[in-house]
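Work through the exercises below with the sequence and the structure in view. Try each task before reading its solution.

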Amino acid sequence: MTTFWDIVHLLTGTPLIPVAIMGLTWGILGGALPGISASITMALVLPFTYTMDPAMAIALLACVYIGAEYGGSIPAILIRTPGTNSSAATVIDGYELNRQGRAGEALGISLMSGVVGSLFGLAMLVLLTEPLSWLALAFTPPSYFGLGILGLSVIASMTGGSLVKGLAAAVIGLMIATVGTDPISGVTRFTFDVPDLLNGVEPVLVMVGLFALTELMSQSGSVSLTQLKESVRIRLPGLAMMNRLKRSQIIGCILGLFEGLTPGGGGSIAAFMSYNEARRWSKTPEKFGKGSEEGVAAPEAANNTVASTALIPLLSFGIPSSNSTAVLLGGLLMHGLLPGPRLFEQNPQVIDSLYVGSFVAIIAQIGVGMLLLPAAVWLVNRPRPYRAGFIFALILSGIYTLNTSTFDLGIALALGVVGYLMRRTGFPFLPMILGVVLGHMVESSYRRSLVLSGGDMMVFLQDPICVGLLLAATGFVVFSLTRELRDGRRARAEQARNHKTHGQEAHG
Amino acid sequence: MNFKADLTRRTGLALLLAGALAGSGLLAGRAAAEPAPYPVKVVTLVTHSSPGGGSDVFLRELSKYLGKYIDATFVVENVQGGSGAKAVARVAGAPADGSVFYATTPTYIYTSLLSKPPKTYKDLEPLANIFADSEVVFTRADGPYKTLQDVVDKAKKERGKWGAANPASLERQAAEQLKRAAGVNAAIVTHEGGGDMMLNVLNGTLDIGVGEFQELRSQIEAGKIRVLATFNPERLPEKPDVPTVKEAGYDVQLVKFRGLAGPKGLPDAVTKTWDAAIQKVLQDPDYRKEYTEEVLVAKFIDHKDYPAFVNSFATTTEAFLKETGAIK
Amino acid sequence: MNKDAWSGVALLAVAGIYYWATGAIPDSTLEDEVGAVGLPHVLALVLALLGLILLVRGVLAARSEAATAPEDEERDARLPRALGFLALGAAYVLLLPYVGYLLGVALLIGAVALYEGAPRNWTLPAAALGGAVLYWAVFVKLLGVNQPVGTLFQGLFS
């Protein structure tokens, strides 16, 4: 049993505090660089942990993970480029707030929501690893199919007013997800004998192409600067604001908890779903997409929760539920530590320092964030021509690190053209991104289920989790479509009215 | 992504970290013995696996001990992407002076055959083999199957549900061959890696899984998983009571090899040094302890015989893939 | 024809090309019943259907009245301008293997800044070079990414 004095010793007698803070800072920097995902950030630091004390090494990696999940939101808000896959949902309202000159506020909200999510996730990890680990086991292939469909059902509320265009974008996203090695038979699909395509198209290329490059292209030559109006001021949300964000943060925490437990996710599904749910339960759903604080809080709480809860299946079964936890598994194995029930008995000091280190990192996140953010804001506040050049170079440098491949750069540029055309013709981006992120999971779990059942479709109805998730998905679709269609009609009516009276001022 | 692990070439925060917090162990492998002279100072060992992945761990552990026997600095480089195609191309294009080697696994044969990249296994010269991983058939400990025969019997009565860790992999091939040898009806379900499959074995979705012993160690220790048989030609030294699949009556064997390959035209001096060094490093007591714990079986094949071994493996695999129509 | 109709045509074309490309997927006995081509075929058909709906709707709408364009695009750069911006990135990608990362980034930052109307004074080369050194320090030195050295300079570093 860990005593109070063990913790005091960890904090004073070992370099845990500096390790945690360095890991966190490194993670925030890596996560904030577009294209450098949480897992790459962790992998980059992995070789340096070989020579460290195992307990410190594992704490360091966990803190890098926490920092990277948070760091991804910084470029999402500031330059419309999600730093990690799971911060794609933050782009929607975060960047919108930025455009309204409220970047400091958005960054503060994302910082504090991240802290809330991380603390919740850590509490779950420390208190409930045993009871929650069964949940990871309860997920069979049909359940994963249900989960994937539930994720796709979010599309219905992200069609941007045109169902046909939203669906078409989603289908194209799913098509991109089919490139690469077939998940069941292992034959190659749509690779055209290009080795770079064997592992498929990385979702982050699609996000960067659609969000960031399209934005840069559309702004090209514009004189009306979307400069930040206020100076370098990061504003942490006050008590009143935190109270207002409470609901969306709780939604984010709960969905993050579940996604962390189920292998295969990695935070993006939870982020998108919590965004969607926060809108449904919000008192001001109309603000979503137009700069809602809750629209930043929910996905950021969700993906930061995942950074801790993803460790539950890792520590209890040795099963990595995401690329990031796979790197952590590598770190454990390097030090001869086998995750699993015996790790808790044989190496309690590793577990203790992991928990305590994470806690230190989460608390330190506020301070480190407040130090780093003004610099980031200052950087994106440079004169527009230079800013455009620096962002473009940053994006192309960042995504090169994915596979050290110029082919990836070409794909991102091509997707920039696609994104620009989609924007001009009114196709929404989000369904396409969801399609790319979820396509693989939906297809492989569907086919895997049918292989198991010998082609009997009943397999999906015999799995209670799958049935529950599919019912929820159906409910979402019906609910969202009625709302979207109603809102769309209302918006068109309003527009027509405004059109008659006076020229309407443009908004996002 | 791709990076060098030697400290001298790196600066920045990470170095600071390593420098400030380095424990012991860095120089543990450099004891007395006299290393053999070597023509180059720095040897780069390339792997397609990500940091922390199977081949990466293998190379990093190996390189800790190699310095004792070969007078050079060993650096691990991760060249990911294209399921190994890019790493093979990297090594095939490197100078053949013994400065660059690639960590071979069956993956590079599969990728060469399935996706026909510009550079394949034929463009590399196998140097020597070092290990064989242990491939096993396993089931959940509280499940109804006690022996491989139970599993086959079930699959004879009704449809069996067998798992393989990855599509178009050695495990898949093993499962298909076992199914054929036993003449039973079994659905062979491929997964996204060993961990994914293990969940489905633990929760009873699958009767058995075919996977690497290493990935199961913690669950075996925890008593959640029972190993029914191994595809290795001989019994596992760590689990002498587990029969081989062949002993259980089905003539299926496989060797998931781990070795090194270099660019074509390696000088004799280099290959001779390696032949000697690998034999010695496998005898190194510290390293031996480390790799037996991981249930890696030392399987040294020297430079003379290794190309034939790799080629015969490739021929068998190619025949299997052609037969199933995965390639034409 | 309006934008929706053209989008419909584009979707039909994408669906057609995608369907045609499924022909290259090998037929393996390791496959399940759905098969490697199962989902791609469904996707191609659905996309074609959606394209058709858009086309028909676009043509009908064009006949009645031009659809109101989203306001956002009024402020957007026109296609040639936007493509020109992207072409700078394409040039970077093509030149990267030759000029290497450091010079490549400097050229990219400089070219983009010029394209976006930066004043032609000493700030321009200073920012381009400073930025390149900064990125080189972060990506090559700090993160240890093997960005291309460039064949032009290979002799200098190897």
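**Exercise 1.** What is the mean pLDDT of chain C, and what percentage of its residues reach 70 or more?

Solution. The model is predicted. The mean pLDDT of chain C is 86. Of the residues of chain C, 89% reach 70 or more. For the complex, the predictor gives an ipTM of 0.91 and a pTM of 0.85.

**Exercise 2.** Find where in chain C pLDDT stays under 50, and say how to treat that stretch.

Solution. The stretch is residues 69-73 of chain C. The model has six contacts beyond four places in sequence for these residues.

**Exercise 3.** Which residues of chain C does UniProt list under "transmembrane region"? Examine two of these spans in the model.

Solution. The unreviewed UniProt entry lists residues 5-21, 41-62, 83-110 and 122-143 of chain C. Take residues 41-62 of chain C: the span is 100% helix and 0% strand, with its end C-alpha atoms 31 Å apart. Next take residues 122-143 of chain C: here the span is 91% helix and 0% strand, and 30 Å separates the end C-alpha atoms.

**Exercise 4.** Describe the contact between chain A and chain B.

Solution. Start with the counts: chain A gives 61 residues and chain B gives 50 residues. On the side of chain B that touches chain A, the elements that each supply at least two residues include helix H1 (12-21), strand E7 (186-190) and helix H8 (213-221) of chain B. H7(B) provides the largest share, six residues. Finally, sort the residues on this side of chain B: 24 are nonpolar, 18 polar and eight charged.

Key
Residues are numbered from 1 along each chain as its sequence is written. Chains are lettered from A and ligands numbered from 1 in the order in which they are written. This is a predicted model: local features need pLDDT of at least 70, side-chain atom pairs count only at pLDDT 80 or more; totals for chains, interfaces and linings use all residues. UniProt positions are given in the numbering used here, feature names are shortened, and annotations may be inferred rather than shown by experiment. Helices (H or I, at least four residues) and strands (E, at least two) are DSSP runs, numbered from the N terminus. pLDDT is the predictor's confidence in each residue, from 0 to 100. Two residues are in contact if their C-beta atoms, placed from the backbone, lie within 7 Å. Ala, Val, Leu, Ile, Met, Phe, Trp, Tyr, Cys and Pro count as nonpolar, Asp, Glu, Lys and Arg as charged, and the others, Gly among them, as polar.
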